[in-house]
Every structure is written in structure tokens, then in C-alpha cells.
Amino acid sequence: MAWKLILHSFNMIFGNLAEALKVSVGPILVGLLLIGLSFLGFGLNFEFLSEMEQGSSANTGAAFLFVLLAIVIMTVVFAWIAVAWHRFVLLEQYPGILPAFRGQPIGAYIGRTLVLSLLIALVVFALAFVIGLLTALTASMGLAIFLGVGLGFVVSYLWLRIGLVLPATALREPLKVSESMAATKPMAGTIFGVSAILAILNFLISLIIGQVYNFAGIIAFVLDVAANWVFIMVGISILTTLYGHLIEKRPLID
């Protein structure tokens with residue numbers, strides 16, 4: 001069942017590739033343009049980046065503000081993409097060259113995402129402390145890698161259990177975190193399997209791309225961008241599928 005859910009999500013993306021690109025590429029380009037303009041607006045340049053690497057730059061205040069603004073921009077871009085994709089799949093709201101922005105519940109989506117992220121962060125901080133302690137005591141690289149993958153699994157599992165709140169928000173349908181937990185309980189085992197598969201795939205793909213960087217930087221960069229796009233869209237698609245199946249009672253067709 002876990003593989004079926006993942007394959008359904010891949011089919012959702014690549015079976016509607018034109019729409020997947022429309023909801024994501026435009027917002028990403030807008031975000032990158034705004035970040036580039038912000039970089040220049042703060043009086044930063046590539047010489048500054050070189051100085052930062054050497055620890056000799058005095059313009060750290062502007063850099064800090066730029067980083068904060070870049071994070072805000074990319075958060076808005078992610079929410080824009082996610083809302084557009086949820087609404088395309090669940091409401092058949094087809095995107096144009098750019099997906100709709102005005103009048104969409106993007107602000108509410110960001111707010112819910114921040115709340116869910118905070119809840120998960122509380123668990124992650126506790127687990128990260130334990131992982132750091134065990135790694136320091138054993139000095140085992142293998143254990144560190146295993147626990148790191150395990151941490152990624154925990155984050156994925158919790159996100160999928162409480163994350164039905166997000167597609168509900170995109171559809172302007174009220175749903176509490178407790179209701180999301182209750183709705184996903186019957187598929188907890190499947191979600192466990194999905195989280196494990198995604199954590200392992202993410203680790204293996206990151207490892208492979210990291211090796212490619214050693215001898216083909218440009219190719220590795222392209223692969224890195226493509227892999228990140230796929231993982232982002234798969235994550236959104238899995239939440240969309242779970243919401244459609246568990247809340248709207250749609251069948252898993254694949």
C-alpha cells in the first residue's frame with residue numbers, strides 16, 4: 001500500500017506534467033527574481049560573498065536581513081505552489097501561465113505550515129539532542145548516518161499524520177490537527193511505510209548527487225534541482241492524495 005500511494009503521487013505529477021510545471025516553475029522564477037532584486041537592494045554583490053566566506057565582511061547586518069527576506073519569499077513561493085497544486089487536483093482548478101495568487105488562501109496556508117513546523121520542531125529538537133549524544137558517545141559514522149535517516153523518517157511521518165490540515169486550508173475547509181491525526185490513523189501503517197521509503201530515497205539520491213558533484217558540477221546541480229523539485233511535488237501530492245482518500249473518500253485509482 002505504501003508503494004501504491006507513492007506511485008499514485010508520481011503518476012499525479014507526471015500524468016499532469018504541464019500543470020505541475022505551470023504551478024511551480026512560474027512561482028519559483030518570481031521568487032528567484034525577487035531574491036535577486038533584494039540582493040542588489042541591500043547593496044550586496046559577489047565580492048561580498050567572497051568576503052563572507054573569509055569572515056572579513058563588515059556588512060553582516062544587511063546580509064542577515066537579506067537572508068530573512070529570502071526565507072520569507074521562498075516560504076510564500078512554497079505556499080503558492082502547494083495551494084495551486086492542491087486546488088488543481090482536488091477542485092480541477094487549472095493554472096494559467098502563473099497560478100492564481102490573489103484571492104487564494106496563501107496567507108492562511110503559511111500560518112498553518114508554521115504551526116505544524118513548530119509542533120514537529122519540538123519533537124525534532126529532542127530527538128536531535130539524543131542523536132548528538134549517542135553519536136558523541138559512540139563516535140560511529142555509520143550510527144550517525146542511520147540516526148540521521150531515522151530523523152528524516154520521523155519528520156516525514158509526523159508531517160503526513162498532521163498535514164491534512166494543509167490541503168484542507170487550501171480548499172478553505174476547516175480541519176484541526178487532532179482531526180488530521182484521527183483521519184490518518186487507519187492508514188498509520190501505510191504512512192509509516194511511505195515515510196521510510198521517502199527517507200531512504202532522499203538519502204540515496206543525495207548520496208549519488210553528492211558523488212556526481214565531485215566530477216561534474218553542472219550536471220550534479222541540474223540533478224539536484226530536479227530531485228528537489230520532484231521531492232517537493234511528491235510531498236505535496238501525497239498530502240493531496242491522503243486528503244482526497246481519507247477526507248473526501250476518493251478511491252486510490254492506480
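**View 1. The largest nonpolar core of this predicted model has 62 residues**. Here a nonpolar core is a set of buried Ala, Val, Leu, Ile, Met, Phe, Trp, Tyr and Cys residues joined through side-chain atoms within 4.5 Å. Buried means under 20% relative accessible area, exposed means over 50%, and partly exposed lies in between (1.4 Å probe, protein chains only). Look for Trp85, Leu164, Val194, Met233, Ile238 and Leu242, which touch the most other members. Two or more residues each come from helices H1 (2-14), H2, H4, H5 (106-138), H6 (141-162), H7 (165-170), H9 (188-212) and H10 (217-247). H4 gives the most, with 15 residues. Helices are DSSP runs (H or I, at least four residues), numbered from the N terminus. Apart from this core lies another, of five residues, among them Val212, Ala216, Ala220 and Ala227. In soluble globular proteins, nonpolar side chains tend to be buried together.

**View 2. Leu242 and its contacts**. Leaving aside neighbours within four places in sequence, Leu242 is in contact (heavy atoms within 4.5 Å) with Leu5, Leu160, Leu164, Met187, Ile191 and Ile247.

**View 3. Ser156 in helix H6**. Ser156 counts as buried because its relative accessible area is 16%. Not counting residues up to four places away in sequence, Ser156 touches Ser195 and Leu198.

View 4. Helix H2 (residues 17-41) supplies the largest share, five residues.

**View 5. Helix H4 and the residue just after it**. H4 (residues 60-91) has 32 residues and reaches 46 Å from its first C-alpha to its last, close to the 46 Å expected at 1.5 Å a residue. Glu92, in the loop between H4 and H5, has a positive phi of about 55 degrees although it is not a glycine. Glu92 is exposed, with a relative accessible area of 59%.

**View 6. Arg172 in the loop between H7 and helix H8 (177-184)**. Arg172 also isn't a glycine, and its phi is positive, near 60 degrees. With a relative accessible area of 47%, Arg172 is partly exposed.

**Notes.** Residues are numbered from 1 along each chain as its sequence is written, and side-chain values use heavy atoms, leaving out hydrogens and water. In this predicted model, local features need pLDDT of at least 70 and side-chain atom pairs count only at pLDDT 80 or more, while totals for chains, interfaces and linings use all residues.

Terms used:
The expected span of a helix is 1.5 Å times one less than its number of residues.
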